Amino acid sequence: MQKRPSIATLRPLTRVITDRFPLELFRIVIECAQQDRGTLAACSLVCRAWLPISREHFHPRITVHPGNAARFIDIMSSPLMTLQTSIRHLVIQKQQAVVDHFFLLHSPANTPVSAKPNQPPKPHPSFEVSHILAKAASLPYITKLTLQKGYGESSAMAHHLREFLYLEELEIRSFEFTSFADLAAVISAQQNVRRLALTDVAWGAKSFTPAHGTALPTHQATQTCALPNLRRLELFMERQGELFNWILGKPSIPPVEYVELGGITEVDDAIAVSRFLRGLGPVLKHLRLYSPSRISQVNLVHNTGLQSLKISHLHIGQHDRKEGERATSAGDEVCTILSQLCSPHITAISLQLLFNEPECFAFIDWGQVARTLALPRYQNLQLMELRIPRLKRWMATTIMRTLPSIASRGILSVANG
């Protein structure tokens, strides 16, 4: 009983035996190794029958750029291609040497004339996004599509987006369209999209209004909702007002549950954002605001279903005070935000406070903050996070002392950052 097993007992089974095993048995074994990519790669090389079973757990991503576009087209055109059911994420990158965040960081409003960058490089002459999308139609199970680093694009790609019936996530980054009508046609081409992320997206000066004579295709013009299945919206770009006004121009707006916004710099954009959030009402569950320089235009009273709120780069100070105007506590955005929250479902609040001067810390009425957080609608609160860059010890001590009720519950977090 103590003898070690002989080498003969560890030899693989012969094909005479293994050929009798049903394929379903191998599927069960391979599924047990779905977290081990090395084992899955080895299994995919055993035989043709194991290849599709192993690929089911990879869900790989393909990135197409001018350097490999020819090879991608050859693979898509091959009759021996076996990638149809395994690719889930397709990335199309039209440029290879373009800095991200080009439009947001180098907008004319934020950059002096002498510091304006050179014009972006011209597109690759033989690389068109619409052409790549047409070839990618051979991949019917794509659920996520990322388009990035394209300039002067039109709505030609909208027709091909309708072929991806399982598309749920659409990301567009560092992209410039000829007009807003082209952008609207692209993002509304696929009605199954549940997540839309636009980062540094720009368009020509031509606005999207009926007076310009730019008409969308018939099926889009008759839509009662621009993106009927949209649940998550992420925007980090300028001129958001045009996008929200276009969405609000429809008879109904999509039931978005998660909203993440950054780059709000103009009053018109902030007003459009406020109208959109008000239209969502109790449907909105999670809200993230970054660099909200116009936060006073946003009112959260109507979002009674809100569960989490995160605001970063919330400036507290005298940056908006006119010359000669007396400093007051009118800039107490913290009390304003907390007083607007009427949702009894709120469980997490995270605020990053930027004090222009150390004495601006006194602008916040921490006593009023404590009284507001003691209201019944905050009884389900599980996290109250305050992040302050260059946090001083006396600041943390003051906050902990003036907010004893939530500090004793262990839900108050004061951090540096």
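Which residues does Thr146 touch, not counting residues up to four places away in sequence? In this predicted model, the residues in contact with Thr146 are His89, Leu90, Val91, Ile92, Glu171 and Arg173. Thr146 itself lies in strand β3, which spans residues 144–153. With a relative accessible area of 1%, Thr146 falls under the 20% limit and therefore counts as buried.

The protein chain as a whole contains 16 helices and twelve strands. Of its 417 residues, 44% are classed as buried. The accessible surface of the chain amounts to about 22000 Å², and carbon and sulfur atoms account for 54% of that area. When contacts between residues at least 6 apart in sequence are considered, 77% of them link residues at least 24 apart.

The packing of two helices was also examined. Helix α9 comprises residues 180–187 and helix α11 comprises residues 240–248. Their axes are 11 Å apart and form an angle of about 55°.

At the contact between the helices, α9 contributes Phe180, Ala184 and Ile187, while α11 contributes Glu242, Leu243 and Trp246. Grouped by class, this contact of α9 with α11 consists of five nonpolar residues and one charged residue, with no polar residues.

How values were computed. Residues numbered from 1 in each chain as written. Predicted model: local features only at pLDDT ≥ 70, side-chain atom pairs only at ≥ 80, totals over all residues. Heavy atoms only, no water. Helix = DSSP H or I, 4+ residues; strand = E, 2+ residues; numbered from the N terminus. Buried < 20%, exposed > 50% of the residue type's maximum accessible area, 1.4 Å probe, protein only. Contact = heavy atoms within 4.5 Å. Axes fitted to C-alpha atoms, helices over the stretch in contact; angles between N-to-C directions. Nonpolar A, V, L, I, M, F, W, Y, C, P; charged D, E, K, R; others polar. Areas by Shrake-Rupley, 256 points an atom, 1.4 Å probe, with all protein chains shown as cover.
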